[in-house]
Amino acid sequence: MGAVDQTTTGGYLERYDEALARAPMSAFGLVREWLRTDWRDLFAELRERRPIFVTPVFTIVTRYADVTEVLSHEEVFSVRAFGPRLDAALGGPFMLGRDATPMNWRDKGLMRVMLDPRDVAGVRELAGSIADELLDAARPHGRIEAVHGLFRTVALGVSAKYFGFPGPDAQTLSRWTRAIVTDGFANFLGDPEIQAASVRAGSEMVAYLRDRLAERRVALRAGLELPDDVFTRLAGTTLPGGIGLDDERILINMAGLPLGFVESGPGAMVEAVEQLLLRPQVLARAVEAAGDPDPARFDPYVWEALRFNPFFKLLPRLCERDHVLAAGTPRRTVIPAGTFVLAAPASAMFDADVVAEPDEFRLDRPAHHQLFFGYGHHACLGVHPARAIICEAVRRLLLRPCVRLLPPPEGRIERAGGIFPDRFVLGLGPEDQEG
Ligand code: HEM
């Protein structure tokens, strides 16, 4: 995805229908490829002509009202499509693997208390200072590899300092999260090797956390002062009324923090930066706003840029019982039990029925039109810190002079498995430093 404006060529449905009649598997291959390369045009055509796109293998839901309907009915559209893989890796139930259960409700409530929104300003500063250190180190080279050399390192640093989860070292934590998230979100064909690597990484991660929890308990009992991070809060919290935070819950929820962030955070930062750098006029205004101490001026640039290439384009669900979707509208469709449903927030955020002038870059979008952090029952637990960290890391980058895209292949975003960004080299500083 390198262009700002994708020309609307259309004709996807004709090509799909034709391929389906000839060789169904090639039809799915086409859709998979279009989702990677032409998603905006494909979704535009689907919203217009087949907004609930039923195929024999999956159903893609493209309109805002229908995407939010799917994500609002967790007892009908469950996370069984991927949740059990996360449970398997962590050796026990995790909130993103459970729908409408007391466990999800309780764990999410408790974890919301631990991720206190009042932490946000401090976390923002932490992310900014890690980013600045990395940018200072990169400056003499005239370029920076923005995934591992900047954004992923910011995410791992936040995990270390704010969550209290550094891992044995940043590299190991990074390997663990990649292995588990790859199985959870990119292994729909159930490759057994990917699955085994995820279970191995999960058990190493939980064993590591178990040792650290024991150490923190000893330190707390001895009255030693521990850093005020999420892990200390979890280890030291006792709640009235028998509301238990047993060790298994603490370990699994701690593991869930970097799992929720180390892939998606840098993913969002990379996409937002690319979209800003592709729009020189917008970029100039964004850089000016970046100098304003009030984040409210800069942050909308990041969110609007991300809308043009959201990291999470599809949220997978399994339909547990027959459901009439979009009842009372011309789109009314019965979704039979067993259907693999892909709700497409990336499409919903371009639905002209809800989003004014969706193809324009506008800074006045209301927050509820933005679906980057999901919607409904499983809406992101980390939304408050994540918003601040993403914007601050991007802001610190753009405050550096002459940040620019480099010509491909170097300047192209490389993605592991076509999804997780792994390399994105940017020019930094005056152009004559390059080389
Ligand atoms: C501090 C950082 C983060 C943490 C701790 C975190 C954690 C989580 C957790 C635990 C859930 C599951 C909630 C539930 O099942 O009820 C979740 C959901 C979600 N998160 Fe985050 N997350 C973080 C950052 C992000 C970022 C940066 C993005 C993308 C820009 C993101 C996007 C999402 C989405 C889309 C969902 C919903 C998934 C679904 O409905 O299938 N998160 N997050």
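**Entry 1**

Cys380 sits in the loop between helix H16 (345–348) and helix H17 (383–398). I used helices and strands as DSSP runs numbered from the N terminus (helices H or I, at least four residues; strands E, at least two).

I noted the ground rules here. Residues are numbered from 1 along each chain as its sequence is written, and side-chain values use heavy atoms, with hydrogens and water left out. Because the model is predicted, local features need pLDDT of at least 70 and side-chain atom pairs count only at pLDDT 80 or more, while totals for chains, interfaces and linings use all residues.

**Entry 2: around the ligand**

I found 27 residues surrounding the ligand (a residue is near if one of its heavy atoms lies within 4 Å). The closest are Lys108, Gly260, Arg317, His378 and Cys380.

I then looked up polar contacts (pairs of N or O atoms within 3.5 Å; within protein, one must be able to donate a hydrogen and the other to accept it, and residues adjacent in sequence count only if both atoms are side-chain atoms). A side-chain N or O atom of Arg317 is 2.6 Å from an oxygen atom of the ligand. For Lys108, a side-chain N or O atom is 2.9 Å from a ligand oxygen. Gly260 uses a polar backbone atom, 3.2 Å from a ligand nitrogen. Helix H6 (102–114), helix H12 (247–261), helix H13 (264–277), strand E5 (315–319) and H17 each give two or more residues to the shell.

I sorted the shell by class: 17 nonpolar, eight polar and two charged residues. Here Ala, Val, Leu, Ile, Met, Phe, Trp, Tyr, Cys and Pro count as nonpolar, Asp, Glu, Lys and Arg as charged, and the others, Gly among them, as polar.

**Entry 3: Ser264**

The Gly260 backbone oxygen lies 2.6 Å from a polar side-chain atom of Ser264. Is Ser264 buried or exposed? Ser264 counts as buried because its relative accessibility is 17% (buried is under 20% relative accessible area, exposed over 50%, partly exposed in between, with a 1.4 Å probe and protein chains only). Apart from neighbours within four places in sequence, Ser264 is in contact with Phe311 and Phe312 (contact means heavy atoms within 4.5 Å).

**Entry 4: helix H15**

I checked the span of helix H15 (residues 295–307). Its 13 residues should span 18 Å at 1.5 Å a residue, and the end C-alpha atoms are 19 Å apart, which agrees. The expected span is 1.5 Å times one less than the number of residues. At the start of H15, a side-chain oxygen of Asp294 comes within 3.0 Å of the backbone nitrogen of Ala296. Buried residues of H15 include Phe298, Tyr301 and Trp303. The buried residues pack against helix H3 (39–49), helix H7 (120–138), H13, helix H14 (280–290) and H17.

**Entry 5: other places**

I looked at helix H4 (residues 64–72), where seven of the nine residues are buried. Among them are Tyr64, Asp66 and Leu71.

I looked up Ala327, in the loop between strand E6 (323–325) and strand E7 (333–335). Ala327 is exposed, with a relative accessible area of 52%.
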